[in-house]
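Grab your viewer and try each task before reading on.

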Amino acid sequence: VSGYEVFLRCCSFAETFIIVYVAAINTIYLVLVVMGFFALERREPMPRRERDALLKSPLLPAVAILAPAYNEALTCRDSVRAMLGLRYPNHEVIVINDGSTDDTLQILIDSFRLYRSGRLPSGSLPTKPIRAVYESRDPIRLLVIDKENGGKADSLNAGINVARAPLVCAIDSDSLMEEDALLHVVEPFLEDESTVATGGIIRVANGCRVEGGRVVEIRAPSHLLPIFQVIEYLRAFLGGRVAFSFLNSLLIISGAFGVFRRQAVLEAGGWLTSTVGEDMELVVRLHRIFRKAARPYQIVFVAEPVCWTEVPETFRVLKRQRNRWQRGTLDTLMIHRGMLFNPRYGVVGLFALPYFFLFEMLGPLIELTGYVITIVGLILGMIDPHLAILFFTVSMLFGVLLSMSAVVLEELTQRRYPAPRDLIRLFLGSVVENLGFRQLLMIWRVQGIIDGLRGKQGWGAMERRGFGGTP
Amino acid sequence: VKSVRGRVWLGTAAVVLIYVGAIDLVDAAVFSPRVDLRAQSLALAFAFVQVVTIVLFVGGLFVRKWITSRREEQSKRIQREIQDALALQAIGNDESSRLRSLLIRSRRDVEAGVASALATLLGDARARVRDVAGALGLGQADDPQRLDAMFAAAAAGNLRRRAMLVEELEPHAVSLASDQIPRALASTDSSSVIAALDMLRAWKRMLTVPNVELALRHYDAAVRVRALQAWPYVPNAPPSAVGEALHDPNAAVRAAAAVAAGKLRLVELSGALVEALSDPTPEVASAASFALAVVPDGLARLQQVVSSGNRPAAGVAFEALEKATLGRMELM
């Protein structure tokens with residue numbers, strides 16, 4: 001057998017593998033989206049009467065909102081106001097100033113009349129030294145921890161040490177939560193005592209009108225890059241996470257909005273400081289601990305609560321963010337590789353983790369290989385151009401279909417975009433994002449994998465524009 | 001729950017089968033006879049079905065959006081009418097026939113309107129709305145059998161359901177405290193006891209309830225915690241029992257006992273609370289310090305502990321002193 005024949009056979013094998021892979025990934029995406037639809041449909045929204053009764057009830061567990069802040073001078077005041085204004089009968093806000101080099105701490109001290117408090121941590125997670133704990137003189141339940149810089153995970157650990165509530169809500173300090181978001185995301189804890197963590201949906205605030213730390217008018221962004229991200233978020237949250245939650249194999253609770261049972265996090269050892277994917281890693285660790293000990297538990301995604309966040313509007317910042325996300329996924333999968341395909345961990349070990357390994361981590365590499373082989377095959381005349389175009393068209397159409405399904409899911413279950421023009425924008429975005437943007441993401445994700453394997457650490461700065469319209 | 005999960009699985013399987021079946025059907029009927037290559041005909045069928053689905057998605061969604069907005073407008077109109085009729089009923093007019101006709105148009109809106117009115121009205125106005133609700137067949141909790149059923153549901157349900165029902169049962173607290181609650185407290189079922197104690201805690205009505213001391217000797221620590229949380233709102237509950245609970249082997253019970261001692265201002269437990277400042281569980285020490293900050297002579301004792309410099313008790317005591325000085329005891 002000549003070398004050329006071996007090369008041809010390899011190409012043929014790779015071609016078949018990629019076709020099977022693309023078919024498998026698309027089928028799984030389709031199943032997840034459809035499952036997400038039925039799982040969302042079965043969940044009745046909380047009637048107003050019930051919501052009002054719950055909001056008056058002293059039986060609701062206390063919640064401590066943990067908001068790490070690093071150089072958030074632009075948005076921290078509005079965010080804290082919005083957090084304090086949440087409709088929940090028993091919550092306190094703990095802002096963790098992670099060694100900011102800007103005026104974050106001073107703005108908080110001035111805005112909320114903080115004094116240096118004698119409050120002591122009751123948890124024992126190791127963290128960077130705490131310089132001081134501040135509380136407000138005003139009748140508000142606000143606590144600010146000033147500590148040396150140690151990253152987001154370290155800040156959350158410091159926050160959970162100081163918190164006393166049985167539930168902690170980890171959020172990004174630049175995120176804006178809707179008034180009833182906390183009540184909704186706590187609901188699974190009320191319904192089932194075995195709930196250890198819940199995550200809420202994150203929505204894109206770019207384009208929306210924000211006043212006093214609240215989103216007062218919801219609009220789709222006018223620029224293409226945030227529009228693409230709106231669609232991505234919808235696809236990820238309403239399709240994927242709802243379905244994974246239905247299977248009790250949710251692996252990601254976004255760092256921007258998740259509630260945890262404090263005791264469970266303390267038992268697990270808190271957020272891991274040596275990874276940039278600390279949100280995913282903690283959730284996988286909780287699965288590992290509870291499944292290993294055969295303790296009943298559930299980790300739930302709740303689609304109703306809404307936390308709004310500003311997404312990158314430039315390619316440079318977006319690239320940095322996606323690189324970090326990919327490194328986070330890689331880190332988590334490496335740390336918990338013992339769970340992969342391990343029947344001891346049930347559906348998490350046999351489905352969720354393999355899905356992340358094969359499709360979320362290796363996906364970009366395989367996709368890139370597919371593009372390279374197709375181009376090489378076309379140049380060498382080994383692939384029929386008509387078939388190649390057809391294959392590309394089908395793949396692209398499937399991508400459009402999945403993105404549109406997410407928009408449809410949004411409209412059927414959430415209906416957050418009241419104006420038809422916003423829906424038109426999202427539908428158009430669903431088509432256009434498949435013509436270059438997704439391919440660009442693929443390249444950034446491949447770079448993320450390479451950086452992760454080379455041991456690159458660090459978050460990279462997220463440039464914020466701040467929410468407009470602050471009074 | 002199983003049947004709901006089953007429906008999700010069934011729905012998912014049905015949609016995927018219909019989708020795959022549609023591709024196969026289009027392939028067999030349209031493309032296979034015209035295209036030689038099997039892969040090519042299948043891909044064309046795939047693309048065709050996807051395009052049709054996308055068109056259906058977009059078209060269907062806009063039609064749905066239009067229908068929903070029409071319905072919402074209609075609902076807003078009817079809600080205004082319901083509110084108007086209920087307001088007139090509350091001030092003494094007879095609006096039953098108008099409400100009956102509204103009930104035919106939208107039962108859900110009338111139910112919600114009545115519930116909302118009952119949640120906000122008091123006295124005669126509330127009674128008038130409750131009577132008309134009963135006449136319209138929108139049963140309210142005054143019926144004894146319904147009261148029993150609601151109490152049972154609160155005991156059997158999860159915390160969300162209980163919190164909601166406790167609120168609805170609040171107007172009947174006195175009658176429940178003489179019958180259903182003592183029965184539940186004497187029950188061997190932990191969830192019934194917990195539900196009864198949660199009600200006492202939530203209502204804060206200072207109701208005399210028999211059998212409440214049984215809960216403090218319950219084998220289940222969760223019941224003992226709930227009993228201590230309800231303790232300050234039960235006038236016949238013996239305060240001395242709180243002192244015993246301060247030495248309970250379970251830390252959550254000790255912490256709850258410290259909180260109860262503070263709420264009841266049990267000066268006789270000051271010594272025990274000072275000891276609890278050195279409890280190995282920080283939550284217990286913290287609760288004890290806050291209790292000391294509100295009991296008579298507690299501040300002086302906290303001051304002594306701070307001056308002694310014994311850590312970590314001194315640190316915990318300092319925080320409580322600080323809060324008391326700033327008048328921020330509501331944070332405790």
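**Exercise 1.** Find the volume of the second largest cavity and the residues that line it.

*Solution.* Start with the volume: about 30 Å³ for the second largest cavity in this predicted model. A cavity here is a set of points on a 1 Å grid over the protein atoms alone where a 1.4 Å probe fits but cannot get out, and lining residues have an atom within 4 Å of a point. Points are joined across faces, edges and corners, and the volume is the space filled by probe spheres set on them.

Next, the lining: Ile202(A), Arg203(A), Val204(A), Val230(A), Tyr233(A), Leu234(A) and Tyr417(A). Strand 8 (195-204) and helix 7 (224-246) of chain A supply at least two residues each. Both are DSSP runs numbered from the N terminus (helices: H or I, at least four residues; strands: E, at least two).

Last, sort by class: six nonpolar, no polar and one charged. Ala, Val, Leu, Ile, Met, Phe, Trp, Tyr, Cys and Pro count as nonpolar, Asp, Glu, Lys and Arg as charged, and the others, Gly among them, as polar.

**Exercise 2.** Work out which element gives the most to the lining of the largest cavity.

*Solution.* The largest cavity holds about 50 Å³ of space. Its lining includes Lys152(A), Phe257(A), Trp271(A) and Asp279(A). Helix 5 (152-162), strand 11 (257-261) and helix 9 (278-292) of chain A give two or more residues.

How values were computed. Residues numbered from 1 in each chain as written. Chains lettered and ligands numbered in written order. Predicted model: local features only at pLDDT ≥ 70, side-chain atom pairs only at ≥ 80, totals over all residues. Heavy atoms only, no water. 1 Å grid on protein atoms, 1.4 Å probe; cavity = no way out; pocket = protein on both sides within 12 Å on 5 of 7 lines; lining within 4 Å.
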